[in-house]
Amino acid sequence: MASVGKDSKGYRVRFVMPDGTNKTIRLSGFSKSKSEDIARHVEELIAAKAAGSAIDRRTANWLADIGQNVHNKLSNAGLIELRKVYSVRDFVRGYIDGRADLKPRTGFLLNQSSENLNELFADRSVQSMTETDATAFKQWLKADSGRGLGENTARRRCGHAGQFFAAAVRQKII
């Protein structure tokens, strides 16, 4: 059974794993009701792990929708597997390669946008990208110290970058 407690750092969920070890997940910044909701899902994960069965659909949907921070905490506690982390380079390359419907010119243009993203963010994880990074990318494309591209070309390449990250959202990577 998972219990929710509060201390000076915020709420925490305490639980016992099937092997008898005590674990705690700190949930700084979460409300009591959200912490209790997480505790209910933790109970379901523990029960499924102990029984060697699949988790229920509600918990599976919840896992797909939770943020990376909570996912990492659950993974560190041994309740779930760690999500795969994609670099911007690997994800975009996989996205373009996986698009069999692309015409040659479209593939060429997407590759140009991919090269620009890689120059600035190649080894960053897709999950770590922010709106601020998108703004920096557009400014870098237009800056003389960056690519020095015209307004419309920069806008189009940002549109391609948006297309890449929208695919990451659809695949629930972000």
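This is a predicted model: local features need pLDDT of at least 70, side-chain atom pairs count only at pLDDT 80 or more; totals for chains, interfaces and linings use all residues.
**Exercise 1.** Work out where Asp-97 and Arg-93 lie and how far apart their closest N and O atoms are.

*Solution.* 
- Place the residues: both Asp-97 and Arg-93 belong to helix 4, which spans residues 88–97.
- Check the spacing: Asp-97 and Arg-93 are four residues apart, about one turn of the helix.
- Then take the distance: the closest N and O atoms of this salt bridge are 3.2 Å apart.
- Finish with accessibility: Asp-97 is exposed at 56%, while Arg-93 is partly exposed at 34%.

**Exercise 2.** Which parts does the salt bridge between Lys-138 and Glu-151 tie together, and which residues are linked in the network?

*Solution.* 
- Begin with the contact: Lys-138 and Glu-151 form a salt bridge with their closest N and O atoms 3.7 Å apart.
- Lys-138 lies in helix 6 (residues 131–142) and Glu-151 in helix 7 (residues 151–170), so the pair ties together parts that are 13 residues apart in sequence.
- Compare the ends: Lys-138, at 28%, is partly exposed, and Glu-151, at 34%, is partly exposed.
- Widen the view: a network of salt bridges links Lys-138, Lys-142, Glu-151 and Arg-155.
- For the overall tally, the structure holds 11 salt bridges.

How values were computed
Residues are numbered from 1 along each chain as its sequence is written. Side-chain values use heavy atoms; hydrogens and water are left out. A salt bridge is a side-chain nitrogen of Lys or Arg within 4 Å of a carboxyl oxygen of Asp or Glu. Helices (H or I, at least four residues) and strands (E, at least two) are DSSP runs, numbered from the N terminus. Buried means under 20% relative accessible area, exposed over 50%, partly exposed in between (1.4 Å probe, protein chains only).
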